[in-house]
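User: Walk me through this model one feature at a time, please. For each feature, I'd like the general idea and then the case at hand.

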Amino acid sequence: MPDANFAQTQHNTTLLGLMRYFALLFSLLLNRTCPTPALLPRPMPPTSEVALKRDVNLRVSVRNPLNDYEVRENVVFNPSETREQDEGAREPAHHFALKWEGSKKMSILQVLDDKEAASALKKKKAKGLQPRSMTSEDNGGWVPILAMECRGLEPYAFHPMSEEFVITSEGGTTFEEEVELGEGDWADYDEDNDAPVSMEGIEFKFEAV
């Protein structure tokens, strides 16, 4: 998927507290060694799909936009659970927060739902970047799967664990337990349709919108 409307996150001029939008993008290559029809073959069947769950823990690493050396690695949050806030708190509802050394303000990360993401993308005039599932038509391209609003921090790495994704084979079988994509490839067997399913060249990246 073209990503010309994204700006790379290689900036150090962001002020703490400034609001920026980030998208988590997902890409994979085909497993050309697969001898029988499988998930994401060439060409990929139209019913094949990879989807990010919205009610599980996600693990990322973030950095201070004013200092690339100040980072927090492997922080975990759940897009379906907002953090409890004290009465009168000035920050909007969010899913993760931290305070960098020397800063008086909290830096926050908020995962946007579909409506919020559509509104943010409209303001940025970024078309075709609404988070969605990856399908057969996205073969080899980058697909936005998550949108976030960040203030005072920048996500720079996504670390898959084992429960974040649901994979659907061309035969309609779903795989959602122990789907580990952190090694860059994944394989299983679709017993209902007597066919192997596999993916390779799996990559993730964050980009500012």
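User: With which residue does Glu149 form a salt bridge?

Analyst: A salt bridge here is a side-chain nitrogen of Lys or Arg within 4 Å of a carboxyl oxygen of Asp or Glu. The partner of Glu149 is Arg151, and the closest N and O atoms are 3.0 Å apart. Arg151 has 26% relative accessibility, so it counts as partly exposed.

User: How many salt bridges does a search of the whole structure find?

Analyst: The search turns up five. One of them links Arg132 and Asp138, with 2.8 Å between the closest N and O atoms. Arg132 counts as partly exposed because its relative accessibility is 32%, while Asp138 is buried, with a relative accessible area of 8%. Another pairs Arg63 with Glu154, the closest N and O atoms being 3.3 Å apart. Arg63 sits in strand β3 and Glu154 in strand β9, so this bridge ties together parts that are 91 residues apart in sequence. Both Arg63 and Glu154 are buried.

User: In what order do the strands of the open sheet come?

Analyst: Strands are DSSP runs (E, at least two residues) numbered from the N terminus, and two of them pair if DSSP finds at least two bridges between them. The open sheet has three strands in the order β4-β3-β9, with antiparallel pairing. Its edge strands are β4 (67–77) and β9 (154–158), each pairing on one side only. From one strand to the next, the twist averages 30°, taken between N-to-C directions of lines fitted to C-alpha atoms, on a scale from 0 to 180 degrees.

User: How many bridges join β3 to β9?

Analyst: Four bridges join β3 (residues 58–64) to β9. Arg63 stands opposite Glu154 in β9, and Val62 stands opposite Pro155. Four of the five residues of β9 are buried, so this strand is largely enclosed by the rest of the structure.

User: Which residues have the most contacts inside the largest nonpolar core?

Analyst: In soluble globular proteins, nonpolar side chains tend to be buried together. A nonpolar core is a set of buried Ala, Val, Leu, Ile, Met, Phe, Trp, Tyr and Cys residues joined through side-chain atoms within 4.5 Å. The largest core has 36 residues, and those with the most contacts inside it are Met148, Phe165, Leu181, Trp186 and Phe204. Strand β13 gives the largest share, six residues. Apart from it lies another core, of five residues, including Tyr21 and Leu112. Back to Leu181: its contacts (heavy atoms within 4.5 Å) include Phe26, Pro160 and Met199, leaving aside residues up to four places away in sequence.

User: What is the phi of Glu178?

Analyst: Most residues other than glycine have a negative phi. Glu178 has a positive phi of about 55°, and its place is in the loop between β11 (174–175) and β12 (185–190). With 61% relative accessibility, Glu178 counts as exposed. Asp194 also has a positive phi, near 50°, and lies in the loop between β12 and β13 (195–208). Asp194 is exposed, with a relative accessible area of 58%.

User: What is the mean pLDDT of the protein chain?

Analyst: pLDDT is the predictor's confidence in each residue, from 0 to 100. The chain's mean is 78, and 79% of its residues reach 70 or more. Among its elements, β3 has the highest mean (96) and β1 (residues 19–29) the lowest (72). Over residues 1–17 the pLDDT is below 50, and it stays under 50 over residues 30–47, where the model has 45 contacts beyond four places in sequence. Where pLDDT is low, the predicted coordinates should not be read in detail.

Methods:
Residues numbered from 1 in each chain as written. Predicted model: local features only at pLDDT ≥ 70, side-chain atom pairs only at ≥ 80, totals over all residues. Heavy atoms only, no water. Buried < 20%, exposed > 50% of the residue type's maximum accessible area, 1.4 Å probe, protein only.
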